[in-house]
Amino acid sequence: MKKSILLLLVAVLFMSCEKVQVSSRTLQANLNDSFFRAYSVSAQASNQDQMIAILGRGGNLEKLELYIECRGEGVYEVGENEVNYATFKSTDGLFYTTNSQGSSGAITVTSQDKVGQEITGEFEFTVITATDTLNVSGGRFYVDFYEITD
């Protein structure tokens, strides 16, 4: 009995010392065969055109950006001739955009709190260029505050 109590106390002690780190801003995705995680995430919302831009900067000058004409929770198609779009700039300077011919995908806003200025969602898309294809899958974003402009 004493051993059980001692083990329980030791377990509680270790659990109370555990460090939990919660990231308040996230932008990450699988890009072809590699994983992208932004170390810097920001967002801006425009009252004029109802667009929300989610901007992520990764290591070695990588940039992943999502642009959504957001009307709340829902699925927003990206691709050629769509208002919503995504861009990626690679470490070697290649620029990809879903506005290119043959590109397609979606950005899904799973929750949005306009008062608290929080937005959460998922995305996946394929960009086709004349010389390359970029497959983006398993994308996730969470922003806990976004700047609103007129």
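I count Ala, Val, Leu, Ile, Met, Phe, Trp, Tyr, Cys and Pro as nonpolar, Asp, Glu, Lys and Arg as charged, and the others, Gly among them, as polar. This is a predicted model, where local features need pLDDT of at least 70, side-chain atom pairs count only at pLDDT 80 or more, and totals for chains, interfaces and linings use all residues. Residues are numbered from 1 along each chain as its sequence is written, and side-chain values use heavy atoms, with hydrogens and water left out.

**Entry 1. The largest pocket**

I looked for open space first. Rolling a probe the size of a water molecule over the atoms shows where empty space is left. My terms: on a 1 Å grid over the protein atoms alone, a pocket is an open set of points where a 1.4 Å probe fits, with protein on both sides within 12 Å along at least five of seven lines. A cavity is a set of points where the 1.4 Å probe fits but cannot get out. Lining residues have an atom within 4 Å of a point. Points are joined across faces, edges and corners, and a volume is the space filled by probe spheres set on them.

The largest pocket has a volume of about 170 Å³. I listed its lining: A45, S46, N47, Q50, M51, I52, C70, Q112, K114, Y146 and I148. By class, that is six nonpolar, four polar and one charged residues. Which strands each supply at least two residues of this lining? They are β3 (40-46) and β4 (51-57). Strands here are DSSP runs of E with at least two residues, numbered from the N terminus.

I then checked Q112 from the lining. Q112 sits in strand β9. Is Q112 buried or exposed? Q112 is buried, at a relative accessible area of 18%. My cut-offs are under 20% for buried, over 50% for exposed and partly exposed in between, with a 1.4 Å probe and protein chains only. The C-alpha atoms of Q112 and E73 are 6.4 Å apart, although 39 residues separate the two along the chain.

**Entry 2**

I traced the strands next. Two strands pair if DSSP finds at least two bridges between them.

β3 and β4 are antiparallel over six bridges. Within that pair, Q44 faces A53 in β4. β5 (residues 63-69) and β7 are antiparallel over five bridges, and E65 is opposite T87 in β7. T87 also has T97 in β8 as a bridge partner. β7 and β8 pair antiparallel over three bridges. They form a hairpin with five residues between them, and G93 in its turn has a positive phi of about 85°.

T98 is buried at 0% relative accessible area. Its side chain reaches the backbone nitrogen of A86 at 2.9 Å.

**Entry 2. The antiparallel sheet**

What is the strand order in the open sheet with antiparallel pairing? The six strands run β2-β1-β11-β10-β9-β6. β2 and β6 are the edge strands, each pairing on one side only. The twist averages 15° from one strand to the next.

β1 (residues 26-31) and β11 (residues 133-143) are antiparallel over five bridges, with Q28 opposite R140. β1 also pairs antiparallel with β2 (residues 34-37), over four bridges. There, A29 has F36 as its bridge partner. β1 and β2 make a hairpin with two residues between them, and N32 in the turn has a positive phi of about 50°.

Most residues other than glycine have a negative phi.

- N81 has a positive phi of about 70°. N81 is in the loop between β6 (74-79) and β7 (85-89). At 73% relative accessibility, N81 is exposed.
- Q117 has a positive phi of about 55°. Q117 is in the loop between β9 (104-113) and β10 (118-128). Q117 is buried, at 15% relative accessible area.

Definitions and conventions
A polar contact is a pair of N or O atoms within 3.5 Å; within protein, one must be able to donate a hydrogen and the other to accept it, and residues adjacent in sequence count only if both atoms are side-chain atoms. Axes are lines fitted to C-alpha atoms, for helices over the stretch in contact, and angles run from 0 to 180 degrees between N-to-C directions.
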